[in-house]
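Here's a quick tour for anyone meeting this structure for the first time. Have the sequence and the 3D view ready, and let's look at a few spots together.

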Amino acid sequence: MSEALQVANRGEIRVSVRHLVEFILRSGDIDNRKKGSDPETMQEGARIHRLIQSKAGPDYHAEVPLKQSFPREGFDIIIEGRADGIIYRDDGAGLEALQDVTIDEIKSTWQDVDKMKGPVPVHLAQARCYACFFAMQHELPDIRVRMTYVNLFNQQIRYFHESYTFSEIRAWFQELLQSYERWAAFQFSWLYVRDRTAAEIPFPFAYREGQKELVSQVYRTIYHERKLFLEAPTGVGKTISVVFPSVKAVAAGRIGKLFYLTAKTITRTVAAECFGLLRGQGLRFKTVTITAKEKICPLEDMDCNPVACPRAKGHFERINDAIYDLLTSLDNFDRDTIEQYAQKHQVCPFELGLDMSLFSDAVICDYNYVFDPNAYLRRFFSDNSQGRYVFLVDEAHNLVERAMDMYSAVLYKEDFLTAKNLVKEYDNRLSRALSTCNRKLLLIKRETESCTVHEDISDLIMAMNRAYSRMDDFLEEEREDRFAHRTELLEFFFKLRHFINMYDNRGKDDYVIYSELKTDGRLMLKLLCTDPSGNLKQRLLKSVSTIFFSATLLPVRYYRDMLGGETEDYAVYAKSVFDARKRGLFIASDVSSKYTRRNELEYQRIAAYIAAVVRQRAGNYMVFFPSHSFLSAVYESYQGTYTDERTEILCQKGAMTEEERESFLQRFMDDRPGSSLVGFCVMGGIFAEGIDLKNEALIGAVIVGTGLPMVCHERELMKKSYDDRGLNGFDYAYRYPGMNKVLQAAGRVIRTADDIGIVALLDERFLSGAYQKLFPREWSRYEILSLDTMEDKINEFWEFAEQV
């Protein structure tokens, strides 16, 4: 199970104490009405743990590693962990003479410890395991356990004590171990089959030019436990080129599990198909694809509690049988399979998918499940230890903006007032704490003209901490039948928690704190993450190696800086396998999308360019614009002047349902001899990357503008932040993100070695050195056009390309 379950050699199954008790001893219902634990208290909790340990006196022995082996037929179960503290007097007589031994387990919480009725059962179970091991190893007739709970806000401590004879603690543990044995036995036999087939399987294709070297570089990166930044143009087979050597690294014992991380559903499908291909060659490898809760939930209105959902009631009583049934039946745990087995056992399909990740050799999921501070898989990444994992980060260019968003935090002054009104009749202390926050935010609002940067908000954070701690107690105590606004307050609670956590964990130069008055009069206070590398580095430490790969990772220095890379990490630019002569690259020298040039005349010129491209060859084209408003302006000019009965125009709407997206793309698949289809789309949108229109489905992409993000307060703050750190602020805030959108849009054309197509860049700025140094190698040949010469040059390309 996860890093908690690993094979050190052919005869060992290892499991951590924590994961053992959390997996075997869970019970009861899924209930979203309970706020759960804070995923980000670990760092502060560790600090308080060390403080308590340092003050405990000479008889307190901190952070004691404990391990016990239990032989079974063919293998040993090794259970290990680290006791927070063991209390005994060392009088020089040796450990074999110990008496009055106490195992101390420290847990941090925001909860009011005075109101706790007893220790959390799984916490006590951890301490019991350590007590059993220590008693076994030192032949103690009895042993004590102390549960130490400390409040993170006021550092108040509460103790709970238990005493056991050795026979009592051993009998309890033997029952726990017996419940785990079937899982260990299955895993031991499975890992033998997996490693044997992974070692034997050959590469499933004849290697393309440079592909064998690429596969070797990925394996070398994993072997040396480094990171790799891989620019892999379309057609090099990047998915199989990173998956295959990762599977080989599993067989060699370099890693125990791989995480294939993506930003979009379509790339998760490609990854799953890749593993299916290898299974067809004889590989035995268990994979799970994690589907978002809102997509896989069987309820029309997602509400995860035993009142609203019959599967939530008693879920944890049934879930382990569901896992074992699926685990022993199939190797590919995709969405349909998980839904089928969840229905069979009446358990939550989302939770079943998460649990199958414990026993999967590869986990295919969104970035969130590794990098998001509120959504990461704590079953793998909550411990301080490093797992034997490799992270395969597909379309890694997307992670920069996604990570900035994950590690930023936003609060609105007015939400504190709303929360206060919700609770004022129930809890005066909480109401006053929220009022204090509101008053401090009111002072900020008076200082805010439109957008104001704040160097120090520590006084406000102290007030927020008080409100948060009191809200934590309130939510713990209040029943839903007495407090009707629990869902509303809980949503605010999570936002406040995230804000406090991001503030506490921020780096010196990674954040800008600013307030802004919104058009509706509300005050927004934002922790803007301008550099996610520090946070990402902490997540990347959970793996032994990470492979960042994309068709567009230029310039690599930018992505290495922003994604937590080091100077010693590897960077590889894979050579394109496509014939460059089959792609026509054209740059217009007399048109631009600059704000100063946006007028009716320029829109008409752009429309004329699009029409000239389409006239030269009937077929399917996509035109990419910097915004929906720009798209609409050019569309009006184009529709009124250049449409005819042989040309159909489609426009991407601002919000499209899944069915509308599929219908849009299906029109490009339809066969329409002699006619043309022109799709007006937005750069960086749903049709600008992640779609695969091969052969005649798309023969041209027209890209209007350089893709620069819209100038706004936030982008300007980012630019200044980068300038202050000695970087080129315009490049980091505007040019590099914009150029990536351009490259992604251009990549929709030429998807196979047989494809022929054109890419037209409609902006004179592409002719400047600042942009041309960002061109990929395969863009070394291009034609400069004007509106007068365009038709002749494009026609020449088509005539030449068809003869290649």
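Glu-139 counts as exposed, because its relative accessibility is 72% and exposed means over 50%. Keep in mind as you look around that this is a predicted model. You'll find Glu-139 in the loop between α3 and β5 (142-151). Its backbone is worth a look too: Glu-139 isn't a glycine, yet it has a positive phi of about 50 degrees. Most residues other than glycine have a negative phi.

Glu-395 is another non-glycine residue with a positive phi, this time near 45 degrees. It sits in the loop between β12 (389-394) and α14 (397-407). Is Glu-395 buried or exposed? With 12% relative accessibility, Glu-395 counts as buried, since the cut-off for buried is under 20%.

## A cis peptide bond

Now jump to Leu-554 and Pro-555, which are joined by a cis peptide bond with an omega of about -10 degrees. In general, most peptide bonds are trans. Pro-555 belongs to the loop between β17 (545-550) and α20 (556-562).

Gln-126 is part of helix α3 (residues 121-138). Its relative accessibility is 6%, so it counts as buried. Setting aside neighbours within four places in sequence, Gln-126 is in contact with Val-17, Arg-18, Val-21, Glu-105 and Lys-107.

Val-150, in strand β5, has a relative accessibility of 1% and therefore counts as buried too. Which residues does Val-150 touch, not counting those up to four places away in sequence? The list is Ile-48, Ile-52, Ile-106, Lys-107, Ser-108, Thr-109, Val-113, Gln-155, Gln-156 and Ile-157. Take Ile-48: it is 102 residues from Val-150 along the chain, but their C-alpha atoms are separated by 8.1 Å.

## Where α1 meets α4

Next, find helix α1 (residues 17-24) and helix α4 (residues 166-200), whose axes come within 11 Å and cross at roughly 85 degrees.

On the α1 side, the contact involves Leu-20, Val-21, Phe-23 and Ile-24. These meet Phe-173, Leu-176, Ser-179, Tyr-180 and Trp-183 from α4. Sorted by type, the residues of this contact come to 8 nonpolar, 1 polar and no charged.

## The largest nonpolar core

How many residues does the largest nonpolar core have? It has 198, and Phe-173, Phe-371 and Met-464 are the ones with the most contacts inside it. Helix α4 supplies the largest share of this core, with 13 residues.

Met-464 shows what such a spot looks like up close. Leaving out neighbours within four places in sequence, Met-464 is in contact with Leu-411, Phe-416, Cys-437, Leu-496, Phe-499, Ile-500 and Leu-525.

The buried residues in α22 are Phe-630, Leu-631, Ala-633, Val-634, Ser-637 and Tyr-638. They pack against α21 (600-616) along with the strands β20 (620-625), β21 (647-651), β22 (676-682) and β23 (700-704).

Definitions and conventions: Residues are numbered from 1 along each chain as its sequence is written. This is a predicted model: local features need pLDDT of at least 70, side-chain atom pairs count only at pLDDT 80 or more; totals for chains, interfaces and linings use all residues. Side-chain values use heavy atoms; hydrogens and water are left out. Buried means under 20% relative accessible area, exposed over 50%, partly exposed in between (1.4 Å probe, protein chains only). Helices (H or I, at least four residues) and strands (E, at least two) are DSSP runs, numbered from the N terminus. Contact means heavy atoms within 4.5 Å. Axes are lines fitted to C-alpha atoms, for helices over the stretch in contact, and angles run from 0 to 180 degrees between N-to-C directions. Ala, Val, Leu, Ile, Met, Phe, Trp, Tyr, Cys and Pro count as nonpolar, Asp, Glu, Lys and Arg as charged, and the others, Gly among them, as polar. A nonpolar core is a set of buried Ala, Val, Leu, Ile, Met, Phe, Trp, Tyr and Cys residues joined through side-chain atoms within 4.5 Å.
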